[in-house]
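Take a moment with the sequence and the structure before reading on. The text below walks through the chain as a whole and then through one part of it.

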Amino acid sequence: MSDTTQSGPVLSADGTPLKRSLARALRMQKVRALMLIAPLLIFILLTFILPIADMLFRSVENRIVADTLSETVVTLEEWDAMSGDAPGEAVYESLYYDLFVAAEAKEHTKLGTRLNYEQTGISSLFRSSGRKMDDFGEDHVEAIEDASDGALKDAALWYEIMTGGSSDAGNTELLKAQRSKMAQLTGEGFGGDIGFVPGADISETFPRLARAYTDFALFVAVMDGDVVAEEDPWESVFVAFAQEVQAPGGAEKIAGYTGPGAAELQAAAAALADLEPISFKQTFVDIDEDWEDVGNWRTIQTYSPKYTSGYFLNSIDMQKGVDGAEARPENQQIYITLFKRTMFMSLVITGSCILLGYPVAWILANLPTRTANLLMILVLLPFWTSLLVRTSAWKVMLQQQGVINDVLVWLGLVADDARLVMINNQFGTIVAMTHILLPFMILPMYSVMQTINPTYLRAAKSLGATNWTAFWRVYFPQSVPGIGAGSILVFILSIGYYITPEIVGGTKGVFISNRIAYHISSSLNWGLAAALGTILLAVVLLLYWAYDKIVGIDNVKLG
Amino acid sequence: MALTPVQHQTPAFTAAVAAGAGALFGLFVGTAQGSGILGLIVGAIVLGAMGFVLTGMISQAKPIRWAILGIFAVLGFLVGGMPAMVLGALFGWFTGWFIFWIATSSYRKRLPPYLTPGQVLWHFSFRVICGAIFVFLITPILVVMPLSFNAENFFTFTPEMLRFDPAGYSLKHYRDFLSNDGWQQALWNSLRIAPMATILSVGFGTLAAIGLSQPHVPFRRAIMAILISPMIVPLIISAAGMYFFYSRIGLQGTYMGVVLAHAALGIPFVIITVTATLVGFDHSLTRAAANMGAGPVTTFFRVQMPLILPGVISGGLFAFITSFDEVVVVLFVGSAGQKTLPWQMFIGLREQISPTILAVATILVGISICLLTTVELLRRRSERLRGMSPS
């Protein structure tokens, strides 16, 4: 046999070394396994993991302030919140232009709602101011419109002025900048040709006017789907013009202007000559004196970054103060209490599940198979029954005119007029949830206890142990893994429960989940809901990790 | 089979135990009638006397037990009409059985002979405790059923119902369920969403479970952790995340969105049950099939599939019931157009509108009994196929 004398690596049938051939086969096997798993993994990532990640992101995201008041946020940066004075005219000026566009896009109320979570009263401030944006420079607008026999009322003329005529190169930079600003503000795509490019000359001479008109043009073309040249400009365009002309050096600028509509604009500038320059600050304060309030400005400044820890601070009863995090006022502190209560009640529920589950699991594991299987039905039937059926059953049982109270009254243990209050409080939640989660405790305990050899107990007794010693020193330690598995499972499930506390918990027996649901669907404070959810998720994942270490996820069994 | 030879007890012992039981019952009946102490004394005396007398008549146990049952039933009827008669009969049956059980020492028969009386007492007390826990487990589900036949719009037992008066019972809540548009729409929605979600989770889940049970899978633990996570993450968090994300991509409030969400929630159950079935799967079978010329697809459908089918079906049933019972996620991800049965029940419970909920609950309990039976049968069949069960 020549094979036996051959030196070097062993070869497989096709001549490649066996080692490499085996490695390839192993690799093939791994790839095939991964290919089988891949569709599901992608599915879960898309439908489940991504949404969770989105929630985590939302808990720190705070773009709305910077998106809605893009200019104000920048000018406000320089304001010293500690100075005790309201910001200067420049801030109010940028606030006017930001708020004007936001009010047209109906985004200012959203911002108001957002800031109202941090400072009560801001919502109505934004809402009422949004309605009164026409108050700014009323006389100025009128003067411009009346100048040169109303020529500046003409939409087409404005369009020509702003594009700077056919010879103008056009300022695409400005258009691009305003495009992205509008896109952030409304959340819509602002791409495509809008049939307008601001003129290079005019945007250099009157930058504020060009910005205001470009905003208008973008909004009209994209949001309303109209032709820019046919629409009358917003008041903000007139205000911008008045502001530029009346600013120091404005007179020279207008005199030197030679582009389209120069005559009309100069006439308008002349009409403006005897009017006071517009004071944005004064007008804002006239609309609502809260605009002078330092606290409001401080809130806007604190929440102007695009990411904030504010929601997390809020969910542990703190807030962003002037110098870092500080505790909320006593009467606003609810979440720590709620977290504590959730923990405490989950512990009580887990404890009562252990107490009730252990004897049942023991008897199921020690009875003859046939009887045990029959009794197992009593455990599995609740397990398989709809959660809402069980919750409604507990509502029927526990309410004041319910079955338990009726029986107690009939037995004479409780007077008819002193029926026990067992629902809409913590007791109701604990009883109902213990019942609902009990099978989750019994099943893991049972599967562990089944593997404990009964002869150990007999051996202990024959060596002289009492019943109790035999149980406590021999049986119980072996059943601890079952208790651990069941407890973690029940605790994880109970900590995030929503339906049962909502129905039988009243106000005192609700969990953190109910608060999360409230913030999602009623108060619409999604960021706070996401932050609360993130904290809850962190706790659950920690427990999940512990469960994996102790029990192993592979060993989860159902029924 | 008797482990311990027993002899009849003395009349005094039986009388004492029976008197104790009588005192307990008497206390309840007594407080119900106004005087606890009197009830206690009367109960103790009556049962004690019965115990004393009956110990001598063990040979005629059967007719005597019937007689006691009858007497107590009649007594009950005279005191409180129909409901009391049922209670009386039950009490009579129990008393008769209990006295003879004590008197003949039958309770000792099946226990090891070396147990002390204290241990015997503990043995039975423990069973009573376990019995009470089983009662706790099952009562809420049983209570719902008769209440769903209530003729009134109450969530409680009316006096007519307790008298077993046919007028107190009706099918009106079932009729309401079958004729009310809201409920029918909800049922229809549930039936439209659950099977679709089940198909998705079973399809993806079975493939992945087969992949996971291969001998060499890289990152097996991490993958498993991700795939099981929808079961572990609290529903409210899944719901919140899905609500935020699905509204971003326009799936919120659509049929597809709810189906995808429910499919994700059902997948862990499919993975768990199918991998459990695959643990006992003999991989030499696929190799044998390949050896005889079958391609991977043929092998899968003709060899592997029939063997793991029970696991796949019970995983599918789990996924189905998950979707069919699910309310939190659909509450957020769905809109009024996807209102499912549990959602409708949830609204009904919060606003407490009518016992139609209880009729629906009874129907759902019926469905879950069917599903439970199917899963249990499948599990046994699968164990038998793999030779893991002795039967």
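The model is a predicted one. Chain A contains 27 helices and two strands. How does its radius of gyration compare with that of a compact globule of 559 residues? Such a globule would have a value near 24 Å, but chain A has 36 Å. Along the principal axes, the C-alpha atoms of chain A fill a box of roughly 115 × 100 × 40 Å.

Two further values describe the chain as a whole. Of the 559 residues of chain A, 51% count as buried. Contacts can also be sorted by how far apart the partners are in sequence. Among contacts in chain A between residues at least 6 apart, 72% join residues at least 24 apart.

Now turn to two helices of chain A, α5 (residues 108–116) and α6 (residues 122–131). Their axes come within 7 Å and cross at roughly 165°. Angles over 145 degrees count as roughly antiparallel, so α5(A) is roughly antiparallel to α6(A). The crossing of α5(A) and α6(A) is right-handed. On the α5(A) side, the contact is made by A:H108, A:T109, A:L111, A:G112, A:T113, A:L115 and A:N116. On the α6(A) side, A:I122, A:S123, A:F126, A:R127 and A:G130 take part. By type, the residues of this contact divide into four nonpolar, seven polar and one charged.

The loop between α5 and α6 of chain A holds A:E118. Is A:E118 buried or exposed? Its relative accessibility is 13%. Buried means under 20%, and A:E118 therefore counts as buried. Which residues is A:E118 in contact with, leaving aside its neighbours within four places in sequence? They are A:T299, A:Y303 and A:R328.

Helix α16 of chain A covers residues 294–302 and is mostly covered, with seven of its nine residues buried.

Conventions
Residues are numbered from 1 along each chain as its sequence is written. Chains are lettered from A and ligands numbered from 1 in the order in which they are written. This is a predicted model: local features need pLDDT of at least 70, side-chain atom pairs count only at pLDDT 80 or more; totals for chains, interfaces and linings use all residues. Side-chain values use heavy atoms; hydrogens and water are left out. Axes are lines fitted to C-alpha atoms, for helices over the stretch in contact, and angles run from 0 to 180 degrees between N-to-C directions. Helices (H or I, at least four residues) and strands (E, at least two) are DSSP runs, numbered from the N terminus. Angles under 35 degrees count as roughly parallel, over 145 as roughly antiparallel, 65 to 115 as roughly perpendicular and the rest as oblique. A crossing is left-handed if the near helix is turned anticlockwise from the far one by less than a right angle, and right-handed if clockwise. Contact means heavy atoms within 4.5 Å. Ala, Val, Leu, Ile, Met, Phe, Trp, Tyr, Cys and Pro count as nonpolar, Asp, Glu, Lys and Arg as charged, and the others, Gly among them, as polar. The radius of gyration is taken over C-alpha atoms; the globule rule is 2.2 Å times the number of residues to the power 0.38. Buried means under 20% relative accessible area, exposed over 50%, partly exposed in between (1.4 Å probe, protein chains only).
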